[in-house]
Amino acid sequence: MARKRRRNNEENVIIELINRVVMLLAAFLLLLSYVSMVVNPSKAWFMTGLGLLFVPIAVINGLFLLGALKRMSKSFLIPLIALLPSLILIGRFFQFSSGAEEADGTVVKMVSYNVGLFRQGRKKDFKGREGEAACMDSVVNFLRRTDADIICLQEVNLDSDRNVNSELKEKFPDYNVSYYMYVTDERSYGNVTLSRFPITDKGKIDFDRSSNLAIWSDIVIGKETVRVYNCHLQSYNISPTGLLKDLGRDSTLVKDTEEKMKRSIKVRSEQVEQVMSDIEECPAESIVAGDLNDSPMSYTYFRLNKGRQDMFVEAGKGFGATYSLLWPMLRIDYVLVPDHYGAVEYKVPKIKCSDHYPVVTRFNVKGG
């Protein structure tokens, strides 16, 4: 009996030791996900992956914490210490209550929306160009109902034989238009900014090795000129459904996916620095909006949110996820406004016209 008790004690010690080693590993990965925000991924591309996995890694640490408390093990300190910064950072993904201010002074309503080339319509009642046209009409109707003052659209897709300016003026007659489109034999696609306020200047930021882009528009709001950056940064070009479908059937799939991710992460970090360089040279206040294709635990977010406030963090409630295919995990579309602006409203309407959801915000332009 004593020998059996001793053997059980030894087994329990081994199990507890294994638990602690696994807990330490999970805690270490969580700490690395925090660090990933400040590490330029051009030097360590894999850090971006740890930032993307912040939520599941934090959940795993939470489960370890509960398990250790249930066993009354002192090892609960390992996940507890690792989770402490998450109490602050989790607000980038989920807000329990809105911290919105009252509307006061000059209030601007702004929408940012990646319309996904209007390809979502192909999955519904129509096919091909007819489906894209139906999807575009749905997006236009939504934007008209939203009645925003500034609209930033990414991945706008039109037939190449259409006059872009005329098309936009016809659909949005009350807006000033700023855009840049890449033109091919079949179509033109790019970013569009619409504003009810005067646009005094506009331009684009060219990205090397990419068809993604950022455009900027100098918009006069009251007495203040604000530069609005409408960004569509490098995507991974990976289909989650396609990846799951072909996994196990294509021996090169994992390697090819890794190479795609590595290239996209490095290219996106270069694009962020280009946008930041333009922001730092611009004397006007800056608003950054668009599809950044990165999570709130990323170097992209860390850089572009500097000197600005995230409208979801300030005025959102519930999950802020904007990518429909992996909801509620991914928030990759943002509106980042100057620190001294007042956040009034943040919403993510779940309309199914794109693989992204639109971001609808209202904020006080103090000084405007």
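Q: What is the volume of the largest cavity?
A: The largest cavity has a volume of about 60 Å³, where a volume is the space filled by probe spheres set on grid points, which are joined across faces, edges and corners. This is a predicted model, in which local features need pLDDT of at least 70 and side-chain atom pairs count only at pLDDT 80 or more, while totals for chains, interfaces and linings use all residues. Residues are numbered from 1 along each chain as its sequence is written, and side-chain values use heavy atoms, with hydrogens and water left out.

Q: What makes a space in the protein a cavity?
A: On a 1 Å grid over the protein atoms alone, it is a set of points where a 1.4 Å probe fits but cannot get out, and its lining residues have an atom within 4 Å of a point. The structure holds 2 cavities of 30 Å³ or more.

Q: Which residues line the largest cavity?
A: The lining consists of F118, M136, V139, V140, L143, L153, V156, L168, K171 and F172. Helix α6 (128-146), strand β3 and helix α7 (164-171) each supply at least two of its residues, and α6 gives the most, with 4 residues. Helices (H or I, at least four residues) and strands (E, at least two) are DSSP runs, numbered from the N terminus.

Q: How do the lining residues of the largest cavity divide by class?
A: There are 9 nonpolar, no polar and 1 charged residues. Ala, Val, Leu, Ile, Met, Phe, Trp, Tyr, Cys and Pro count as nonpolar, Asp, Glu, Lys and Arg as charged, and the others, Gly among them, as polar.

Q: Which residues line the second largest cavity?
A: You will find G51, L52, F54, V55, F93, S295, M329 and L330 around it. The elements giving two or more residues to this lining are α2 (46-52) and α3. By class, the lining has 6 nonpolar, 2 polar and no charged residues.

Q: Why is M72 called exposed?
A: Exposed means over 50% relative accessible area, with a 1.4 Å probe and protein chains only. M72 has 75%, so M72 is exposed. M72 sits in the loop between α3 (54-71) and α4 (77-83).

Q: Why does E155 count as partly exposed?
A: Partly exposed lies between buried, under 20%, and exposed. The relative accessibility of E155 is 22%, so E155 counts as partly exposed. E155 lies in strand β3 (residues 150-159).

Definitions and conventions. On a 1 Å grid over the protein atoms alone, a cavity is a set of points where a 1.4 Å probe fits but cannot get out, and a pocket is an open set with protein on both sides within 12 Å along at least five of seven lines; lining residues have an atom within 4 Å of a point.
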